[in-house]
Amino acid sequence: MYAFLAPKTLEDARGFLESRPNLKLLAGGTDLIIGLREGLVTPDAVMDVKQIPALTQIRQTEDVLEIGAAVTVDEMLRSGYLSGPYHALYEAGEELANILLRNRATLAGNICNASPGGDMLPACLVLDAWVETIRPDGGRRIPLREFFMGPKRHVLASDEMVVKTVFPRAAGKSAYRKKKRIRGHDLAQVGVAGLLGADGALTLAFGACGPTPICLDVFDTNTQSRAEILDAAMNGIAPIGDVRASKEHRQEMARYLTEAVLDAIEEVRV
Amino acid sequence: MKAIQLTVNGGAYKVFCPEDITLLTLLREHLHLTGTKEGCAAGECGACTVIYNGKPINACMVLAMEADGAVIETIEGEAKDGVLSPLQQAFIDCHALQCGFCTPGMIMSARALLDENPTPTRDEIVHAMEGNLCRCTGYEPIIRAIEQIAGGAQ
Ligand SMILES: Cc1cc2nc3c(=O)[nH]c(=O)nc-3n(C[C@H](O)[C@H](O)[C@H](O)COP(=O)(O)OP(=O)(O)OC[C@H]3O[C@@H](n4cnc5c(N)ncnc54)[C@H](O)[C@@H]3O)c2cc1C
Ligand code: FES
Ligand code: FES
């Protein structure tokens, strides 16, 4: 039995983070509610982040694209912001489960769940996103490339809450490709995102190819051939076999999907 | 226990319920609206689909407390004055149900789609129904029933 808390301001949320040591944060609930139901998490209190107006914002400025921690994946897809260099986020969002879940699931929830196969994570990594957090005594900015520690493990403290995910201004084109068993109902067997900058710099990131999502920065498409890039990328990942796919299948798929990502983003090169 | 207020099928409800139950349990066991089904209780099957503030969602993936102030439509709101809606009739006419367990969820997903887009293409229908599993029909009759409505029977 847990208490349900729904603060309406960041100040109230901070108060609960301080006063309730065994608290769990609830965004869309599509991971948390399963954990609660199965008894994998047993908090004294569940704090809904969606009543805090600041967290429901999505906005683009000259320098950044900011997505509040309560914004759903479907709201992101409809926002009109996920084009050009941010297109991989669009493609990842479209691959995340199905509309019933996308109407609840959030980007911040996907990040904080820290599954190695979370669909939004490779796109966030190639775009060099960070999260901004609050804690009882302040807050910080954490680059996602330093965020993931292992399967379902991250660097957040137990009294820390993500308020938004921020994407720096980017140029170029990005893409995300996913292999799964059943459309609409499965985490990635492998997911690959790529960002090709206007200068030919290529960043790749892989989901479900290691204990955390893996980001490989940076290839130079001006000097490296596609075969060299593919070989180097495959050396940079370490997939395992599990219920979703064997290690060998993942290795093959990672290569195949990387090629598909390159096909999608290299079209724009002059 | 906490009191929450919500609107279900146009009716206002005030409910006093435990803080750790889902919206699905609230609908079925507290409001006795058992048309919404529990298949998996884990977001997998779509049998619990309801329209929540205008969007189709899995009622098993929402806590009852989150629904304070929400406007919800369930399968019980689909027929009016004892007369099936054209969408429900199309499901019957097209043999889009066998055991019927998935049907309330199927209809609510289709309802949400048609409310937003009255003339969806076949691809749009398939995409919108991805979250709803059916173990009996093979899906084709369900798609045809929705196509029939999208074609103008609404
Ligand atoms: C049937 C099904 C299919 C799925 N398919 C996919 C899929 O295809 N691809 C995929 O990537 N995922 C999938 N998922 C997993 C899930 O939907 C996603 O991970 C989703 O993005 C989680 O977001 P949420 O808002 O629902 O998170 P929640 O469940 O609310 O939270 C997830 C975790 O993050 C913590 N948290 C939430 N908000 C914050 C915050 N602001 N600060 C700090 N911690 C926070 C929670 O305490 C919890 O531990 C699926 C889930 C189900 C049930
Ligand atoms: S009962 Fe909710 S999705 Fe299966
Ligand atoms: S009619 Fe039996 S599950 Fe769909």
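Begin by selecting Gly29(A), which sits in the loop between β2 and α2 of chain A, where helices (H or I, at least four residues) and strands (E, at least two) are DSSP runs numbered from the N terminus. This is a predicted model, in which local features need pLDDT of at least 70 and side-chain atom pairs count only at pLDDT 80 or more, while totals for chains, interfaces and linings use all residues. Residues are numbered from 1 along each chain as its sequence is written, and chains are lettered from A and ligands numbered from 1 in the order in which they are written.

Is Gly29(A) buried or exposed? Gly29(A) is buried, because 25 other C-beta atoms lie within 10 Å, and a residue is called buried at 20 or more such atoms, exposed at 12 or fewer and partly exposed in between, with C-beta atoms placed from the backbone. Then show Thr106(A), 77 residues apart from Gly29(A) along the chain, with 8.8 Å between their C-alpha atoms.

Next, select ligand 1, which lies between chains A and B. Of the 34 residues around ligand 1, the nearest are Gly28(A), Gly109(A), Asn110(A), Cys112(A) and Gly43(B), where a residue is near if its C-beta atom, placed from the backbone, lies within 6 Å of the molecule. Colour β2 (23–26), α2 (32–37), α6 (107–113) and β10 (161–168) of chain A, each of which supplies at least two residues of this shell, with α6(A) giving the most, five residues.

Turn now to the two chains, where 22 residues of chain B are in contact with 19 residues of chain A. On the side of chain B that touches chain A, strand β4 (residues 55–58) of chain B gives the most, with four residues.

Finish at helix α4 (residues 87–95) of chain A, which is mostly covered, with eight of its nine residues buried. Among them are His87(A), Leu89(A), Tyr90(A) and Glu95(A). For their surroundings, display α3 (73–78), α5 (99–102), α7 (120–126), β11 (173–179) and β12 (190–196) of chain A, against which the buried residues of α4(A) pack. Just after α4(A), stop at Ala97(A), which takes a positive phi of about 50°.

Definitions and conventions. Contact = placed C-beta atoms within 7 Å.
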